[in-house]
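Thanks, everyone. Let's take a quick walk through this one. Have the viewer open and follow along.

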Amino acid sequence: MRKFLYITLMCIISACASNNKKDYSTLSDKEIYDSAIKNINNQDNISALSELNQIEYNHPYSSLVPNSWVLTGYTYYKDKKYPEAIEAFEKLIKYQPNHKDVPYAMYMIAICYYDQISPISRDQKMTEQALIQMEKLKTAFPDSKYTKDILPKIRIAKNNLAAKEMYIAKNLMKKKNIIAALNRLQTIIAKYDTTLFVEEALYRTVEIYLILKEPEDANNMLRLLEYNYPNSNWTTSARNLIKSYNEKENK
């Protein structure tokens, strides 16, 4: 008897599920698209993503397919499913490179990485990727409104990467790994010369060259500081450091 009731109940549930399931093959691309937007507005992202996928499946040549990729990326982004969002936006760029929403797709890929930036004590791969994607957008669409939005974010990303190099360089100096520290500082000077950390990097380079007993190289770094940052405290500190070094050497 129990077995009969269980089978009957399962049949009823199955029938209800079958009745509620949409037959997307009978719907137009616009009907599916409008339903997906309605679900997004109602915060039903699971249903929206399913419907956006159905547009490409049932109407592969529809003009709404590129729009569905953009909405798919946006919906995944809202749910913080960044790899899935990036994949959807990349689809638009790959298959519809002349689409009006390509700048937006490039912007959103950059933002997906940007939103995952970690503190400088942790790995900075996401910062690196964010900067790469933002620079791509800046190069491809310099006059886009999305490019204007990412310009301050580019500065933040570069500062983060420079801060990470400085963080590593200081730790290496503490461990007396002077050459490795010098390489990190030179990276800041070469790649991140517009960041907040370049003055300190130049000063620390002066410091290292004096440790290595290379006063000529130290003086060259001081000249760079004096030329670019004449009123900086780091410049004053570098002068005093070289002065102290010379006094000790001349005793």
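Confidence to start. This is a predicted model. Its mean pLDDT is 91. Of its residues, 92% reach 70 or more. Over residues 1-20, pLDDT stays under 50. For that stretch the model has 0 contacts beyond four places in sequence. Where pLDDT is low, predicted coordinates should not be read in detail.

Next, a helix pair. Find helix 7, residues 125-140, and helix 8, residues 145-174. How do their axes cross? They come within 9 Å of each other, and the angle is roughly 145 degrees. The crossing is left-handed. Who makes the contact? Helix 7 brings Thr 127, Glu 128, Leu 131, Met 134, Glu 135, Leu 137 and Lys 138. From helix 8, the residues include Tyr 146, Ile 150, Leu 151, Ile 154, Ala 157 and Leu 161. Lys 153, Lys 158 and Asn 160 are also among them.

Is Glu 165 buried or exposed? Its relative accessible area is 13%, which is under the 20% cut-off, so Glu 165 counts as buried. What does its side chain pair with? Look at Arg 184: the two side chains make a polar contact at 3.2 Å. Set aside neighbours within four places in sequence, and Glu 165 is in contact with Arg 184, Thr 187, Ile 188 and Tyr 192.

Met 108 sits in helix 6, residues 102-114. Met 108 has a relative accessible area of 5%, so it is classed as buried. Beyond residues up to four places away in sequence, Met 108 touches Tyr 77 and Phe 89. For a sense of distance, take Ser 232. Met 108 and Ser 232 are 124 residues apart along the chain, and their C-alpha atoms are separated by 38 Å.

On to the loops. Tyr 229 is in the loop between helix 11, 215-228, and helix 12, 233-249. Its relative accessible area is 22%; buried needs under 20% and exposed needs over 50%, so Tyr 229 is partly exposed. What does Tyr 229 touch? Leaving out residues up to four places away in sequence, the list is Asp 193, Val 198, Glu 199, Leu 202, Leu 224 and Thr 235. Compare a residue from elsewhere in the chain. Tyr 229 and Asp 123 are 106 residues apart in sequence and 31 Å apart in space, C-alpha to C-alpha.

Last item: backbone torsions. Two lysines to check. What is phi at Lys 80? It is near 60 degrees, a positive value in a residue other than glycine. Lys 80 lies in the loop between helix 4, 65-78, and helix 5, 82-95. At 62% relative accessibility, Lys 80 is over the 50% cut-off and therefore exposed.

Then Lys 213. Its phi is positive too, about 60 degrees, and Lys 213 is not a glycine. Find Lys 213 in the loop between helix 10, 198-211, and helix 11. Its relative accessible area is 54%, so Lys 213 is exposed.

That's my list. Questions are welcome.

Terms used:
Residues are numbered from 1 along each chain as its sequence is written. This is a predicted model: local features need pLDDT of at least 70, side-chain atom pairs count only at pLDDT 80 or more; totals for chains, interfaces and linings use all residues. Side-chain values use heavy atoms; hydrogens and water are left out. Axes are lines fitted to C-alpha atoms, for helices over the stretch in contact, and angles run from 0 to 180 degrees between N-to-C directions. Helices (H or I, at least four residues) and strands (E, at least two) are DSSP runs, numbered from the N terminus. A crossing is left-handed if the near helix is turned anticlockwise from the far one by less than a right angle, and right-handed if clockwise. Contact means heavy atoms within 4.5 Å. pLDDT is the predictor's confidence in each residue, from 0 to 100. Buried means under 20% relative accessible area, exposed over 50%, partly exposed in between (1.4 Å probe, protein chains only). A polar contact is a pair of N or O atoms within 3.5 Å; within protein, one must be able to donate a hydrogen and the other to accept it, and residues adjacent in sequence count only if both atoms are side-chain atoms.
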